[in-house]
Amino acid sequence: MLVAGIALQAQAPPSVTVIRAGRLLDPDAGRILTNQIIVVEGTRIRDVGPNAAIPAGAQVVDLSNLTVMPGLVDAHNHLALTYKPEPESNIYYYTYVAESTALRAIQAASNGIQMLASGFTIVRDMGNNGNYADTALRQAIEQGWIPGPTIVNSGIIIGGMGGQFFPTPEMAKDHSIVYPEYLDADTPDEIVKAVRQNVLFGARVIKICVDCKPYGYTADEIRLVIREAAKVGMKVEGHVQTVNGARNAIEAGIWSIAHSTGLNDEMHKLMAQKSIWRAGTDTPDNLAGHPVSPQAYQRTVASLKNAYENKVPLTFSTDADYYVAGKTRGEVCLEFLKTWKDAGIPNADILRAITTNGYKVSETEKTRGPIKAGFAADLIAVPGNPLEDVDALRRVQFVMKDGEVFKRDGVMTPAAFFHGGPVNGWRIR
């Protein structure tokens, strides 16, 4: 074909894959539909239903013996950070000094693949990524260079001087050895500059340290962050440690609050009134090498239970940033199901938190997540019925991401995801 003297190669029609789902989980309704057909054309779902037409020549994937369901979401992870017993004795401050951003970007790619293999098709990557390794990971996945979840990344965490660290003057002022893990932003001008820097370098959500220091952010300062982020359509998550910090974040109208140490019954009631997402990172007590005392775990379970009873919008979020011997990053995250079960939360609501609510907090719910016609073709399949046994999520046998089969019969087959150059257009931060 010639256009203005230039030879153009005709594009092949998008491939069509048909999935026969013996059971299809609808997490919104908390029900299972049987004998459904899902037609995937290219990267998107074309049709879903018991009588959907199977186009001639379509590749048919028979999942009649499995439960097909939407992909999972971890609403708070750190893919470019893995602290370990060796060499840093599980002291993650040392990891920041010992590992370059380049190395951590490669590690993030590995962790992303591990997450996808466990069924996580969306991950909110919330900081501690060196010098924007999270943006590099998102770009690489979007370009089709590597497989991985859809990444909603925060860039560098913004906070008062020092961030979560307590650096010496020599470290903070002379050598900047602890940075770029945090952006110091103490004045209004610095706050605006920090938000704009993250936007410029590819963030998709803004994260702040609300109260990592005694000079934490006031409600007015948090409002400034929210206003500046809103200019580019971004939301703000706050790392919160204290009740006063939680109160300031809630009063300001923050989008989501990470961690639960500052959340009590009063704060949960206020969060429910304002529909503020809770990314509680509710750590279980069974992670080898990362002990949680019985008292601390009891507080974690009680807090999650209280949030559920107060009808706070809940997300499944782990804060996973460490190595557990014998487990992939995805398997580590699924260990957090134990906390939800111990809090007495019904399976149907756990499933909503790890799917539907994850799409909403990530702001993908209109394009990606639900298994609906026109949406991105992301879906997984597990044995059994997760409404009856939520631990079925630990046994993901099939993963499709953007219409490509990544895992089948429990085995990763990622070859189709690797390309020598961009396949989705020139990279845009």
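Select K341 first: at a relative accessible area of 38%, K341 is partly exposed. Partly exposed lies between buried, under 20% relative accessible area, and exposed, over 50% (1.4 Å probe, protein chains only). This is a predicted model, where local features need pLDDT of at least 70, side-chain atom pairs count only at pLDDT 80 or more, and totals for chains, interfaces and linings use all residues. Residues are numbered from 1 along each chain as its sequence is written, and side-chain values use heavy atoms, with hydrogens and water left out.

**Stop 1**

A salt bridge here is a side-chain nitrogen of Lys or Arg within 4 Å of a carboxyl oxygen of Asp or Glu. Helices (H or I, at least four residues) and strands (E, at least two) are DSSP runs, numbered from the N terminus. Is D391 buried or exposed? D391 is buried, with a relative accessible area of 14%.

**Stop 2: K401 and D402**

Now pick K401 and D402. Their side chains form a salt bridge of 3.0 Å, N to O. K401 counts as buried, at 3% relative accessibility. D402 counts as partly exposed, at 25%. Next, select K327, E335, K341, D391 and R394: salt bridges that share partners join these residues into one network.

**Stop 3: E363 and K235**

How many salt bridges does a search of the whole structure find? The search finds 27. One of them joins E363 to K235, with the closest N and O atoms 2.7 Å apart. This pair also links distant parts of the chain, 128 residues apart. E363 is in the loop between α13 (356-362) and β16 (379-382), and K235 is in the loop between α6 (219-230) and β13 (236-239). E363 counts as partly exposed at 39% relative accessibility, and K235 counts as partly exposed at 27%.

**Stop 4: the open sheet**

Switch to cartoon. Eight strands form an open sheet with mixed pairing, in the order β5-β4-β3-β6-β16-β17-β18-β19. β5 (44-49) and β19 (411-412) stand at the edges with a single partner strand each, so one side of each has no neighbour in the sheet. Two strands pair if DSSP finds at least two bridges between them. Zoom in on β17 (residues 398-401) and β18 (residues 404-408): they run antiparallel and are joined by three bridges. Which residue in β18 is the bridge partner of V399? The partner is K407.

**Stop 5: Y308**

Go to helix α9 (residues 294-309), where Y308 is found. Y308 is partly exposed, with a relative accessible area of 29%.

**Stop 6: surface patches**

Show the surface. Patches are made of residues with over 30% relative accessible area and no salt bridge; like charges are joined within 9 Å, and nonpolar side chains (Val, Leu, Ile, Met, Phe, Trp, Tyr) within 5 Å. Select I91, Y93, Y94 and V97: they form a nonpolar surface patch with about 370 Å² of accessible area together. Accessible areas come from the Shrake-Rupley method with a 1.4 Å probe; for residues, only the protein chains shown count as cover. I91 lies in the loop between β7 (72-77) and α1 (92-98).
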